[in-house]
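Student: Hi! I have a new structure open and would like a tour. Can we start with the aromatic rings?

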Amino acid sequence: MRIIKVKERTEILINQLLEVWEDSVKATHLFLSDKEINNIKEYVPQVISGVSHLVIIENENNTPIAFMGIEDKKLEMLFIKNSEIGKGLGKQLLNYGIENYNVNELVVNEQNHNAKGFYEYMGFKTYKRTELDEQGNPYPILYMRLER
């Protein structure tokens, strides 16, 4: 496995990352319905294409199995293929982001308990909470900052 800073965002890569995203979301965002996931899925390729810094982890077959997107010093997204969750890939990516891009902020769904716990373990603390997500849906959001 290797961490790669993506320079060229090809349609093939975007589609591979969309598959990772969907697999991850279906396993971790149990509070979302299939319809909601499909609605969100429509704009995920645009978000992946537009984020300033895109970093992926590929397996031994050069297939993406995890990725993160960073804007300024904020982690915008971090998704891991479900079969790869719990193997330290999130920690590798987040540490890479902290070391190389000074990541010090992120947003997480409060109902995604594993992600919230992971970010707390990595040194992030909640400084703000909203009842609604950025799209106005009733999914509380936690705003977290790195406190090391």
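This is a predicted model: local features need pLDDT of at least 70, side-chain atom pairs count only at pLDDT 80 or more; totals for chains, interfaces and linings use all residues.

Tutor: Happy to! Residues are numbered from 1 along each chain as its sequence is written, and side-chain values use heavy atoms, with hydrogens and water left out.

Student: Which strands do F67 and F79 lie in?

Tutor: F67 is in β3 and F79 in β4, so the pair ties together parts that are 12 residues apart in sequence. Strands here are DSSP runs of E with at least two residues, helices are runs of H or I with at least four, and both are numbered from the N terminus.

Student: Is F67 buried or exposed?

Tutor: F67 is buried, with a relative accessible area of 0%. Buried means under 20%, exposed over 50% and partly exposed in between, using a 1.4 Å probe and protein chains only. F79 is buried too, at 13%.

Student: Nice. What sits over the ring of Y143?

Tutor: The charged end of K128, 4.6 Å from the ring centre. The rule asks for NZ of Lys or CZ of Arg within 6 Å of the ring centre and within 35 degrees of the ring normal. Likewise, R145 lies over the face of Y127, at 3.7 Å from the centre of that ring.

Student: New topic: which residues touch the most other members of the largest nonpolar core?

Tutor: That core has 23 residues, and L75, L78, L94, V103, Y119 and F124 touch the most other members. A nonpolar core is a set of buried Ala, Val, Leu, Ile, Met, Phe, Trp, Tyr and Cys residues joined through side-chain atoms within 4.5 Å.

Student: And which element gives the most to this core?

Tutor: Helix α4, with five residues. There is also a second, separate core of 20 residues, which includes L32, L54, I56 and Y139.
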